[in-house]
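Please look over the structure below. The report that follows goes through it by topic.

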Amino acid sequence: MNIFSNIQQSFYNNLIAGNSYLQILSGLKTTLIITIAGLFLGTVLGAALCAMHYSNSKILRFISRSYIIIVRGTPILLLLMLLFYVVFARCRMEAIYVAVIAFGLNGASHIAEIMKAALQSVDPGQVMAARTLGFTKFGAFYHITLPQAGEYARPVYQNAVINIIQWTSVVGYITIADLTRVINSIGARTADPFFLIFTGIIIYLLLAYATHLIFSLAGRKRRAAR
Amino acid sequence: MIKVENLSKSFGGLKVLENVNVEIKKGECVAIIGPSGTGKSVFLYCLNALQTHDGGKVYINGADISDKKTDINKVREKMGMVYQNFNLFSHLSVLENIILAPVKVKKIPREQAVEKAQKLLEVVSLVDKMHSYPDELSGGQKQRIAIVRAMAMDPEIVLFDEPTSALDPTMVGEVLAVIRSFAKLGFTMLIVTHEMNFAREVAHRILFMDEKGIYESGTPDEIFNNPKKPKTIAFVRKLKTFNYKVDSYNFDLVGMNARLELFCAKYNIERKKIDNVNLALEEMITYTLQNCFERPSPPNIDITVEYGDVDKTIEIEIVHNGKNIDPFETKSLKAADDGGDMDELGLFIVKNISSSIVYKSENGVNKYKIKI
């Protein structure tokens with residue numbers, strides 16, 4: 001009975017009092033914005049890097065390869081700080097934009113690798129068969145390579161998404177009030193960090209689970225056609 | 001319909017095809033045969049520009065396919081191709097595989113394409129599999145679908161690149177039957193194949209490829225019964241014989257036996273005779289390895305088995321370049337013959353199951369001929 005009322009008390013102190021839950025929701029919103037926008041930017045850039053990797057130009061291939069090696073090897077937190085404190089320091093860009101750019105740049109290096117691997121796993125014989133049926137190079141890519149590569153990439157891409165969600169927890173370093181930072185500051189105020197950290201973990205878990213649901217729904221749709 | 005002039009193709013420094021000239025008329029069914037690695041498939045790939053050739057010209061219906069002004073996709077629409085490993089689109093159902101190109105490339109209305117696909121599936125009796133996916137089909141079924149996929153484009157020419165090479169022996173027949181039925185409909189066909197009986201029966205003309213080009217060509221009768229040039233003669237002869245080379249002390253006896261059985265099965269040779277041939281070979285090889293060669297220098301024994309249709313005998317020829325010992329003249333064997341020393345039991349058995357044994361030694365080459 002005592003434990004139960006303790007939890008109830010903690011719940012009220014940490015989440016309800018002073019409208020803490022509103023702060024948490026706004027932190028969650030920030031986290032989601034950075035994730036989704038960063039993912040979008042990363043996917044577009046990643047596709048471009050992947051296209052460069054398969055281009056005929058030696059220079060483009062070199063750029064793509066070096067970009068991936070450098071950015072993938074740089075910790076996201078350092079990249080974030082570099083952009084915020086050095087590159088965009090003068091133009092006073094809002095921190096959240098800087099975060100989106102940082103996650104876009106970092107995500108691109110991973111996503112380009114995922115796309116490369118997925119494209120490589122498509123059987124070249126099937127592309128050849130499409131060409132002999134009269135498809136143009138683009139037609140064969142669009143009708144044969146792309147759908148198959150998409151299927152190969154899906155589970156790995158899902159992983160990349162969950163990774164980005166979790167890595168956004170470091171944006172507090174550049175003054176952004178994301179979910180982690182909000183939880184940290186409420187915890188500091190109420191002096192009950194355990195309860196809040198626990199809440200934070202559960203929210204991140206739910207986000208990962210939601211991602212999983214979205215992806216498996218997309219997969220099920222495709223398999224339902226069979 | 002197809003005209004090839006002085007076609008050349010090399011990979012790096014290796015010349016695969018040199019000055020190939022051939023003309024194929026509408027409605028002709030041509031089989032391309034020959035030893036492995038003589039450019040049969042490469043030749044086929046050059047015809048629809050899947051491989052770019054280095055020299056010469058290829059004309060399809062008068063269009064030069066290496067000319068930049070020629071729309072190669074338009075040419076390919078008229079040329080179906082069937083591959084050794086099927087290359088069905090794995091993410092699409094059988095029906096989608098068949099109608100994809102007609103709908104997307106030829107812009108035929110979908111209903112019409114589906115109707116046509118159904119008709120073609122009836123021809124190959126796979127209507128039931130219309131909504132299956134390639135990974136649910138057997139090899140033979142996959143290849144029949146691949147043929148239908150090519151046919152759905154109404155091609156004028158169909159190229160087959162070893163259509164049965166990747167199939168289980170049990171499935172070869174169903175695929176050949178389908179090709180045969182399309183051949184009867186008067187398609188122009190080029191078939192690279194190792195199925196000689198099929199080539200003989202279905203083709204109007206045989207191209208035998210060797211030495212970087214078409215080495216000899218002619219009707220099936222000319223090539224299989226009256227070949228003129230030495231390599232063709234050797235190739236056709238080899239079809240009728242079993243060859244094996246022992247070049248290691250630990251040679252693959254089980255593998256050799258299995259291949260010999262396959263060879264014997266072609267001629268419906270009785271069980272007992274097959275066992276005897278296997279036995280004689282095993283004993284002779286073991287004897288020769290032990291007595292005529294010294295480790296570590298590698299052995300070199302060539303085995304040829306030929307079946308005589310007329311007198312129903314099997315002739316085994318064993319040629320080796322080891323010590324010239326006539327095993328059947330050694331003392332111990334004679335003793336064994338008398339029921340004495342049984343050291344050479346193996347040779348004794350060979351002597352008993354064979355109808356004649358001839359031994360010859362010339363210029364350091366030893367030859368046994370054993371008839372069973």
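## The loop at B:Gly62

B:Gly62 sits in the loop between strand 4 (55–60) and strand 5 (63–64) of chain B. This is a predicted model. B:Gly62 is exposed, with a relative accessible area of 62%. The cut-off for that label is over 50%.

How far apart are B:Gly62 and B:Val192 in sequence and in space? The sequence separation is 130 residues. From C-alpha to C-alpha, the distance is 23 Å.

## Chain B overall

Chain B has 13 helices and 15 strands. Its radius of gyration is 26 Å, well over the 21 Å that the globule rule gives for 372 residues, so chain B is more spread out than a compact globule. Along the principal axes, the C-alpha atoms of chain B fill a box of roughly 85 × 45 × 40 Å.

Of the 372 residues in chain B, 51% are buried. Consider next the contacts in chain B between residues at least 6 apart in sequence. Of these, 64% join residues at least 24 apart.

## The five-stranded sheet

Chain B contains an open sheet of five strands. Their order is 11-12-13-15-14, and the pairing is antiparallel. Strand 11 (241–246) and strand 14 (356–362) of chain B are at the edges. Each has a single partner strand, so one side of each is left without a neighbour in the sheet. From one strand to the next, the twist averages 15 degrees.

Strands of a sheet pair through backbone hydrogen bonds, either parallel or antiparallel. Strand 14 of chain B runs antiparallel to strand 15 (residues 365–371) of chain B, and seven bridges join the two. Which residue of strand 15 is the bridge partner of B:Ile357? That partner is B:Ile370.

## Helices on the sheet

Helix 9 (residues 230–239) of chain B packs on the sheet. This helix touches strand 11 and strand 12 (301–307) of chain B. The direction of helix 9 makes about 95 degrees with that of strand 11 of chain B.

Helix 11 (residues 271–291) of chain B lies across strand 11, strand 12, strand 13 (314–320) and strand 15 of chain B. Helix 11 runs at about 15 degrees to strand 13 of chain B.

## Helix 1, enclosed

Is helix 1 of chain B largely enclosed or largely open? Seven of the eight residues of helix 1 (residues 40–47) of chain B are buried, so this helix is largely enclosed by the rest of the structure. The buried residues are B:Lys40, B:Val42, B:Phe43, B:Leu44, B:Tyr45, B:Cys46 and B:Leu47.

B:Ala49 follows helix 1 of chain B. Its phi is positive, near 60 degrees.

## Positive phi in two loops

B:Glu162 is not a glycine, yet its phi is positive, about 45 degrees. B:Glu162 lies in the loop between strand 7 (157–161) and helix 6 (169–184) of chain B. Its relative accessibility is 13%, so B:Glu162 counts as buried. The cut-off for buried is under 20%.

B:Lys212 also has a positive phi, near 65 degrees, in a residue other than glycine. Its place is in the loop between strand 9 (205–210) and strand 10 (213–218) of chain B. Is B:Lys212 buried or partly exposed? B:Lys212 is partly exposed, with a relative accessible area of 36%.

## B:Asn97 and its contacts

B:Asn97 belongs to helix 3 (residues 94–104) of chain B. B:Asn97 is buried, with a relative accessible area of 1%. Leaving out residues up to four places away in sequence, B:Asn97 touches B:Leu88, B:Phe89, B:Leu92, B:Pro134 and B:Arg149.

A polar atom of the B:Asn97 side chain lies 2.7 Å from the backbone nitrogen of B:Phe89. The side chain of B:Asn97 also makes a polar contact with the side chain of B:Arg149, at 3.5 Å.

## Cysteines

How many disulfides does the structure hold over all chains? The number is zero. A:Cys50 counts as buried, at 4% relative accessibility. A:Cys91 is partly exposed, with a relative accessible area of 49%.

Technical notes: Residues numbered from 1 in each chain as written. Chains lettered and ligands numbered in written order. Predicted model: local features only at pLDDT ≥ 70, side-chain atom pairs only at ≥ 80, totals over all residues. Heavy atoms only, no water. Pairing = 2+ DSSP bridges. Helix = DSSP H or I, 4+ residues; strand = E, 2+ residues; numbered from the N terminus. Axes fitted to C-alpha atoms, helices over the stretch in contact; angles between N-to-C directions. Contact = heavy atoms within 4.5 Å. Buried < 20%, exposed > 50% of the residue type's maximum accessible area, 1.4 Å probe, protein only. Polar contact = N/O pair within 3.5 Å; in protein donor to acceptor, adjacent residues only side chain to side chain. Disulfide = S-S within 2.5 Å. Rg over C-alpha atoms; globule rule 2.2 N^0.38 Å.
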